[in-house]
Amino acid sequence: MHELVGALRSYAWGSRTALARLCGRPVPSAHPEAELWFGAHPADPAHVKAAEGTLSLLELVAADPEGELGAVAGEFGGKLPFLLKILAAEEPLSLQAHPSAAQAKAGYERENRARVPLDSPMRNYRDDNHKPELVVALDRFEALAGFREPRRTVELFRALEVPQLVSYADMLAAQPDSAGLRTLFTTWITLPQPVLATLLPAVLDGCVRYLSGKGKRPFAAEARTALELAEVYPGDAGVLAALLLNRVTLEPGQGLYLSAGNLHAYLHGLGVEIMANSDNVLRGGLTPKHVDVPELLRVLDFEPIDLPAVLPEPAGDGSVRYRTPAPEFALRRFDLTEGSGQVPLMSAGPGIVLCTGGTVRLLRDETELILGRGSAAWISASDNDIRAQTVDGPAQVFCACVGPGA
């Protein structure tokens, strides 16, 4: 059981206040802070503090996979199979999707054969793994995720009363299924610039009129989101594509699970995110970065879905769990109250304990470790009977480990 120092990632869409405030640092930060990585991903591994010094978690696991990971080492090629993050979005992330395991392996090998450098901006696959992911809101969290039921999208188009949208509404109404969504999405994402330069402003004007109208406005969130996206990404076809997706709001404690091929974009908020240990992203707009349309279309799942929040379920040990089908990870949350005594967190590792509220004391045998907000601990396979108790008031911790199917 050792303190784990996260790797801080700075992207333009990050927040100058959220992560700094969570971790007790001065606000505002010097640069936008987007993600704090707690894992062993080669791009930016966290570091373990030990008596003999500081070592990256990637090096620690690679040096002794069985000692650090135990029985799951063979299952996942001697690598920690998940990556835990705190994500802080002040502005929208790009529209994106992640490949399946088979697609990632094939794409990675294909780009290696083509000798595309791993750090090339034209590279789609930086590893050979898939990336199912779960985000749990720490405050109100806004997102776009999954294609909306087509008939509902047709209603949205009609409600905006934009003449330039009529033909597209008719197209989708004539084929209200995944094939119709594929056709419309492909048409929009490949629009010639002169056509886009006419259609997009007309749609945005329709959103303004719709929001200014009287009476019930069932698509107010969708119209407002389109306008907000256009402010950040003017002239981007992804603003149109966003009109095809479910608009999701998570309240604190609620989660959202995204499987392979699910087009999504996080819009705003602070959350804990856990995913398979991959950095493979296929972008679909709302970004100045490379968008590989043919590869994106190979990966995307156009089946319409209604994405309910992943609600926490009581786990019977004082925690709540977030159930997903991913074998690489499992996530539980403990809300500890003052005076609750020592609460069992993990019977054994490998795992990561992350404190997101208050201060906790982790205990193992005669060893203890104090974690404040934004701090984490690495629990190896040789660590067992990990317990926690609060220090000066209530606290919240998340426990990440390998999924129950492994």
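Predicted model: local features only at pLDDT ≥ 70, side-chain atom pairs only at ≥ 80, totals over all residues.
Which helix holds the place of Phe185? I found Phe185 in helix α7, residues 178–189; helices here are DSSP runs of H or I with at least four residues, strands are E runs of at least two, and both are numbered from the N terminus.

Residues are numbered from 1 along each chain as its sequence is written, and side-chain values use heavy atoms, with hydrogens and water left out.

**Phe185.** I looked up its accessibility: 1% relative, so Phe185 counts as buried (under 20% relative accessible area; exposed is over 50%, partly exposed in between; 1.4 Å probe, protein chains only). Leaving out residues up to four places away in sequence, I get contacts (heavy atoms within 4.5 Å) from Phe185 to Phe147, Ala241, Leu244, Leu263, Leu296, Leu297, Leu300 and Phe302. I also checked Gly284, which sits 99 residues from Phe185 in sequence and 9.9 Å away, C-alpha to C-alpha.

UniProt, in an unreviewed entry, puts an "active site" feature at Arg283; its positions follow the numbering used here, feature names are shortened, and annotations may be inferred rather than shown by experiment. I see Arg283 in strand β13, residues 282–285. Arg283 counts as partly exposed because its relative accessibility is 22%. Beyond four places in sequence, Arg283 touches residues including Ser94, Gln96, His290 and Leu296.

**Asn246.** I placed Asn246 in strand β10, residues 245–250. Asn246 has 11% relative accessibility, so I log this residue as buried.
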